[in-house]
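Please walk me through this model stop by stop. I would like to know what to select next and what is found there.

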Amino acid sequence: MADFDLIQFDLDGTLIDSVPQLQLAVNHMLAQLGHAPAAELAVRHWVGNGADMLVRRALTAALGAEPDAGAQQAARAAFDAAYDRVADQGLVFYPGVLDTLAALRRAGKRLAIVTNKPYRFVPAILAASGLSEQFELVLGGDSLPEKKPSPMPLLHVCRTLDMDPARTLMVGDSENDVLAAKAAGMAVVGLTYGYNYGRDIADSGPNWVLSDFAALADLLLTD
């Protein structure tokens, strides 16, 4: 059994499959700007570095070139307005997420979320999914001056909750999660099913690679 007191989780691609909502918002943005819609697979490969990068990648694909600052700003405003309407609608959890989180809480583990998604969207998603009470602290990509792959948000959680990074586990689906955890001096689980730009999460070198969220219970709760 791996013994950790605090577990920090990514959100998109780790706990929930948010691509359906993100694709709706991206395609509303693209339509508003006069561009063709993006395929779901493309959006899956664009997710992971926050809303600004998602919008930039979508615009770059539509334009065939990097957007200028004005186009980026207009597109981001259109995306935010669209995502506000759909972010908490029809949420899909990955198998085993709800039961495993509940089991971890019953075992006395402390839980937090560190996502690169802008914070404004996160509370409604957690409320709609019934998870608001599961996590002691939730950080978005704009909660601090830096986001993952910087270790800053992970270390901020540890300081706020008075926890040792060496007793903390990060659980995520992308290279950003692995890099942030390593830089913060904490262990990390890489999940194979999420969003990692089409690359194998094992290539990032996490301490453990899991293809099933429920396997966390075996890792953390089984003697």
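**A tour by selection**

Start at proline 149, which sits in the loop between β3 (137-139) and α7 (152-160); helices (H or I, at least four residues) and strands (E, at least two) are DSSP runs, numbered from the N terminus. The peptide bond leading from lysine 148 into proline 149 is cis, with omega near 20°.

Before going on, note that this is a predicted model, in which local features need pLDDT of at least 70 and side-chain atom pairs count only at pLDDT 80 or more, while totals for chains, interfaces and linings use all residues. Residues are numbered from 1 along each chain as its sequence is written, and side-chain values use heavy atoms, with hydrogens and water left out.

Next, select aspartate 162, in the loop between α7 and β4. Its phi is near 55°, a positive value in a residue other than glycine. Aspartate 162 is exposed, at 69% relative accessible area (exposed means over 50%, buried under 20%, partly exposed in between, with a 1.4 Å probe and protein chains only).

Now select strand β4, residues 168-172. Five of its five residues are buried, so the strand is largely enclosed by the rest of the structure. In a regular strand, side chains alternate between the two faces of the sheet. Both faces of β4 are covered: Thr168, Met170 and Gly172 are buried on one side, Leu169 and Val171 on the other.

β1 (residues 6-9) is parallel to β4, with four bridges, and phenylalanine 9 has valine 171 as its bridge partner in β4. β5 (residues 187-191) also runs parallel to β4 and is joined to it by four bridges. Here valine 171 is partnered with valine 189 of β5.

Show helix α8 (residues 175-184) as well: β4, α8 and β5 form a right-handed β-α-β unit. Right-handed means that, with the strands pointing away from the viewer, the path from the first strand over the helix to the second runs clockwise.

Last, go to the loop between β5 and β6 (208-210), where tyrosine 197 lies. Tyrosine 197 is not a glycine, yet has a positive phi of about 60°; its relative accessible area is 17%, which counts as buried.

Asparagine 196 is in the loop between β5 and β6 and is buried at 5% relative accessibility. What does the side chain of asparagine 196 reach? It reaches the backbone nitrogen of glutamate 175 at 2.8 Å. Leaving aside residues up to four places away in sequence, asparagine 196 touches Asp173, Ser174, Glu175 and Ile201 (contact means heavy atoms within 4.5 Å).

Conventions. Pairing = 2+ DSSP bridges. Polar contact = N/O pair within 3.5 Å; in protein donor to acceptor, adjacent residues only side chain to side chain.
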